[in-house]
Amino acid sequence: MKASKIAYKPVGLALGALSGMAAGALFKQAWKMLGHDEDAPDATDEDRSWREVLLAATLQGAIFAGVTAAVDRAGATAVRRLTGTWPG
């Protein structure tokens, strides 16, 4: 395994945690903008419809994947600028 890949591991873990928090906050704002309740439904929420539960899960997954990819890519690009090598 390349040294740059090993050195990037802790950076990647920290960025992953930050991206998860950012994605959660972004999802909450998006859910409110769609005019739904303050909290998104859980899959086992008996009072919510299938449509609402699946919409929330799909939106949350898309936001999480997009934010995580953007943060990971930005982190790898920053490492390349600093070290001259790509961490992957």
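Let me start at one residue, Arg48. Leaving aside neighbours within four places in sequence, Arg48 is in contact with Asp37, Asp39, Ala40, Pro41 and Val53. Keep in mind that this is a predicted model.

Where does Arg48 lie? Arg48 is in the loop between α1, residues 3–33, and α2, residues 50–83. Is Arg48 buried or exposed? Its relative accessible area is 19%, and buried means under 20%, so Arg48 counts as buried.

Now the charges around Arg48. How many salt bridges are there? The count comes to two. One joins Arg48 to Asp45, with the closest N and O atoms 3.8 Å apart. The other joins Arg48 to Glu52, with the closest N and O atoms 3.5 Å apart. The side chains of Arg48 and Glu52 also make a polar contact, at 3.5 Å. Arg48 and Glu52 are both buried. Asp45 is partly exposed, with a relative accessible area of 27%. Salt bridges that share partners join Asp45, Arg48 and Glu52 into one network.

Let me step back to the whole chain. The protein has two helices and zero strands. Its radius of gyration is 17 Å, while the globule rule gives 12 Å for 88 residues, so the protein is more spread out than a compact globule. Along the principal axes, the C-alpha atoms fill a box of roughly 50 × 25 × 15 Å. Of the 88 residues, 24% count as buried. Now take contacts with a separation of 6 or more. Residues 24 or more positions apart account for 54% of them.

On to α2. How far apart are its end C-alpha atoms? They are 49 Å apart. At 1.5 Å a residue, the 34 residues of α2 should span 50 Å, so the two values agree. Just after α2 comes Gly84, with a positive phi of about 90°.

Which residues of α2 are buried? The list is Glu52, Val53, Ala56, Ile63, Val67, Thr68, Gly75, Ala76, Thr77 and Val79. One reminder about helices in general. An α-helix has 3.6 residues a turn, so residues three or four places apart point the same way.

Take Ile63 as an example. Leaving out residues up to four places away in sequence, Ile63 touches Ala23, Leu26, Phe27 and Ala30.

Last stop, Gly75. This glycine lies in helix α2. Its relative accessible area is 10%, under the 20% cut-off, so Gly75 is buried. What does Gly75 touch, not counting residues up to four places away in sequence? Tyr8 and Leu15. Gly12 is worth a look as well. Gly75 and Gly12 are 63 residues apart in sequence, yet their C-alpha atoms are 7.4 Å apart in space.

Technical notes: Residues numbered from 1 in each chain as written. Predicted model: local features only at pLDDT ≥ 70, side-chain atom pairs only at ≥ 80, totals over all residues. Heavy atoms only, no water. Helix = DSSP H or I, 4+ residues; strand = E, 2+ residues; numbered from the N terminus. Buried < 20%, exposed > 50% of the residue type's maximum accessible area, 1.4 Å probe, protein only. Polar contact = N/O pair within 3.5 Å; in protein donor to acceptor, adjacent residues only side chain to side chain. Contact = heavy atoms within 4.5 Å. Expected span 1.5 Å × (residues − 1). Salt bridge = Lys/Arg side-chain N within 4 Å of Asp/Glu carboxyl O. Rg over C-alpha atoms; globule rule 2.2 N^0.38 Å.
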